Amino acid sequence: MPTTDEGMTGTILVCDGCGRSRRTSATGLFAWDLLWLQADQAGWTGSDRPLGPHYCTVCVDNE
């Protein structure tokens, strides 16, 4: 289970443009799918795969 420097566990999505991140406390087989679904609905763009690239709404709006 991934653990961040802050000691929190979960799944993290990081913007390849600015480093902004989204997190879900979910772990396991479907954690990435859940996180990407939430990010996509919030306006993030990019690949639906964990390796990316991924871009947050701030970076998308600045294109």
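Is T11 buried or exposed? T11 is buried, with a relative accessible area of 16%. Buried here means under 20% relative accessible area, exposed over 50%, and partly exposed in between, with a 1.4 Å probe and protein chains only. The model is predicted: local features need pLDDT of at least 70, side-chain atom pairs count only at pLDDT 80 or more, and totals for chains, interfaces and linings use all residues. Residues are numbered from 1 along each chain as its sequence is written, and side-chain values use heavy atoms, with hydrogens and water left out.

Start with the overall layout. The protein has 2 helices and 4 strands. Along the sequence they follow the pattern β-β-α-β-β-α. Helices (H or I, at least four residues) and strands (E, at least two) are DSSP runs, numbered from the N terminus. Of the 63 residues, 24% count as buried. The accessible surface comes to about 4,300 Å², and 50% of that surface belongs to carbon and sulfur atoms. These areas come from the Shrake-Rupley method with a 1.4 Å probe; for residues, only the protein chains shown count as cover.

Now return to T11. T11 sits in strand β1, residues 11-14. The covered face of β1 holds T11 and L13, while I12 and V14 are on the uncovered one. The T11 side chain reaches the backbone oxygen of A26 at 3.0 Å. Not counting residues up to four places away in sequence, T11 touches R22, R23, T24, A26, T27, A31, W32 and L35. Contact means heavy atoms within 4.5 Å.

Strand β1 pairs with β2, residues 21-24. The two run antiparallel and are joined by 4 bridges. Strands pair if DSSP finds at least two bridges between them. L13 has R22 as its bridge partner in β2. The hairpin has 6 residues between the strands, and G19 in this hairpin takes a positive phi near 90 degrees.

Next comes helix α1. Its buried residues are A31, W32, L35, W36 and A39. Seen down the axis of α1, these residues fall within an arc of 120 degrees, so they line one face of the helix. The arc is that of the directions from the helix axis to the C-beta atoms. An α-helix has 3.6 residues a turn, so residues three or four places apart point the same way. The cover over the buried residues of α1 includes β1, β2, β3 and β4. Just after α1, G43 takes a positive phi of about 105 degrees.

What makes up the largest nonpolar core? Its 9 residues are L13, C15, W32, L35, W36, A39, W44, C56 and C59. Helix α1, residues 31-41, gives the most to this core, with 4 residues. A nonpolar core is a set of buried Ala, Val, Leu, Ile, Met, Phe, Trp, Tyr and Cys residues joined through side-chain atoms within 4.5 Å.

The loop between β3 (45-46) and β4 (54-55) holds R49. R49 is exposed, with a relative accessible area of 53%. Leaving aside neighbours within four places in sequence, R49 is in contact with W32 and H54. The C-alpha atoms of R49 and W36 are separated by 8.4 Å, and the two residues are 13 residues apart along the chain. P53 is found in the loop between β3 and β4. The peptide bond from G52 to P53 is cis, with omega near 10 degrees.

Key. A polar contact is a pair of N or O atoms within 3.5 Å; within protein, one must be able to donate a hydrogen and the other to accept it, and residues adjacent in sequence count only if both atoms are side-chain atoms.
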